[in-house]
Amino acid sequence: MVRSTIFWIHLACGVVTGLVVLMMSVTGVILTYERQMLAWADRATAPPTPNAQRLTLEELVEAAKLRRPEFTPSTIMVRNEPDAAVVLGAGRSGSLVVDPYSGEVREPGAQGLRTFFSAVTGWHRWFNATGESRATARAITGASNLAFLFLVLSGIYLWLPRMWKWAAFKARLFFNPYATTAKARDFNWHHVFGIWSAIPLAVVVATATVFSYPWANDLVYRAVGEQPPRQGGGGEPGGPPRGAGQGEATVVAPNGTAIDRLGYDALMARAAEHGEWQTLTLNIPTDAAAPTVRIGIDQGNGGQPYLRHNLTLDASTGGVESWAPFSSQTTGQKARSWIRFLHTGEALGLVGQTIAGLVSLTSVLMVWTGLALVWRRLVQPLLRRQLAKNPEAA
C-alpha cells in the first residue's frame, strides 16, 4: 500500500512538473563549463613585447575612466598570470577588461557568448521572464525543483525491487541487452540512469531548493544553531592579474590633511605574500580617505569556497588589519558557501562540475523515459479502450 501510494505520487509529480524539470536540466547541462569558457574568452589578449613595462593599477583604472566616463569601478581583479588582463568590476553595471601593458580597454570577451549564457541562466531560473512575471516564473521553477527533489528521493525507494535477489538488482543496475521493445528499454534506462545519478543529483537539486525558498536558506543556519543573517548583506570578493609596483598615492581628507597611501599594486603585493593564489580582488574604497582596503584572495577556481579568504590592510602602511580565512567563518556561513557551489559542482573543481553536468544530462533522459512510460503504459491503453468503445471516433 505504501509503495503504491508513493508510486502514484511520484508519477503525478513527474507528469505535472516534467517539462519544467526538463527545461532546468537541459539548461543545467549547457551551463556546466560556463566559468571556464568565459575565463578563456577574457584571456584573449595580445602577448606583450619583450621589453614591455606593466602599467600601474591606478593607470589602468584611469584608462578605463577615459574610455568610459560613466563607468565607476568598484573592484580590481588580478589573475596570477603575467599576461592576463586586469578586470575592473562595477557591480551590476558590468565590467571592463584592461590590457596591463598597453592600457587598451575593451568590453569582456565574447559578448555573444556572455549574452547566450545570460539567457540560458534566465531560462534555468525563471523562464527568462522579466518584470512582474519573473516572480511567478520563479515560483513555478522553485515548486518544480522541490517536486524534483521528491522524485529523486522517492525514486530511490521505488528503484528497490520487490524481491531482494541479485538478478532483480542486476536488471536495474545495468543496461539490459534483452530490453528490445521501447517500453522495456525506457523502463531499464529510467532505473539505470536514476540509481547511478541519484546521490549527486539529490545534492544538486537540494542545494537549488536553498536558493528558491527563504525558509530553506534559513534552515541551513538554524540546523547548526545559528541565527540566519538578514537578507541583502554584502557579498564576498572573488578574484583576477598580479600587481608589482610599490608606489604611493596622496589623497586629501575632508579636513584638508594630506594622507599618504600605498598604491593598489603595493597593496596587491602585500596580499600576495599570504601564500599561493590564483586571483586577487581589491575592493576600491568608496571614500578615498578610507583607512583600510579589503582584498579577496582566491586560491582555487573561483567556485571552491574553502579556498576563498578575505584580507583587510591598512591603506597607508600595508599592515594587516584583519585576516579572515574560510576557516574563520561560522559553521552556518561555511555550509551556505558550500551549498552555493555544490549546486554547480564547482566546489569540487573540474571533476565536480563534470559530475553535475552529467547528472543534469541523466535527468534529461529520466524525464524523457518517465514521460514515455506514462504515455505507453497509461495514455495509449486508455486511448485504445476509448476507441474500442467508440470505433466511429477513429
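**Close-up views of a predicted model**

**Figure 1. Strands β9 and β10 are paired.** Four bridges connect β9 to strand β10, residues 320–324, and the two strands run antiparallel. The structure shown is a predicted model. One of the pairings places V320 of β10 as the bridge partner of L313. The two strands form a hairpin, with five residues between β9 and β10. In the turn, G318 has a positive phi of about 80°.

**Figure 2. S316 sits in the loop between β9 and β10.**

**Figure 3. Strand β9 is mostly covered.** This strand spans residues 308–314, and seven of its seven residues are buried. Which residues of β9 point one way, and which the other way? R308, N310, T312 and D314 point one way, while H309, L311 and L313 point the other way. Residues in both sets are buried.

**Figure 4. Strand β8 also pairs with β9.** Strand β8 covers residues 292–298 and is joined to β9 by seven bridges. These two strands run antiparallel. Within this pairing, V293 has L313 of β9 as its bridge partner. L313 is also the bridge partner of V320 in β10.

**Figure 5. The largest nonpolar core has 30 residues.** In soluble globular proteins, nonpolar side chains tend to be buried together. Which members of this core touch the most other members? They are L57, I76, L88, M268, L282 and I295. At least two residues of the core come from each of the helices α3 (57–67) and α9 (264–272). The strands β1 (75–79), β2 (86–89), β3 (95–98), β7 (279–283), β8 and β9 likewise each supply at least two. Another core, of 18 residues, lies apart from this one and includes V21, F148, L149 and V205.

**Figure 6. L57 and its contacts.** Neighbours within four places in sequence are left aside here. Beyond them, L57 is in contact with I76, V78, V86, Y264, D265 and M268. Of these residues, I76 and M268 are, like L57, among the core members that touch the most others.

**Figure 7. F7, W8 and L378 make a nonpolar surface patch.** The area of the patch is about 280 Å². W8 is located in helix α1, which spans residues 2–30. W8 has a relative accessible area of 46%, so this residue is classed as partly exposed.

Methods. Residues numbered from 1 in each chain as written. Predicted model: local features only at pLDDT ≥ 70, side-chain atom pairs only at ≥ 80, totals over all residues. Heavy atoms only, no water. Patch = residues over 30% accessible without salt bridge, like charges linked within 9 Å, V, L, I, M, F, W, Y side chains within 5 Å. Areas by Shrake-Rupley, 256 points an atom, 1.4 Å probe, with all protein chains shown as cover. Salt bridge = Lys/Arg side-chain N within 4 Å of Asp/Glu carboxyl O. Buried < 20%, exposed > 50% of the residue type's maximum accessible area, 1.4 Å probe, protein only. Pairing = 2+ DSSP bridges. Core = buried A, V, L, I, M, F, W, Y, C linked by side-chain atoms within 4.5 Å. Contact = heavy atoms within 4.5 Å.
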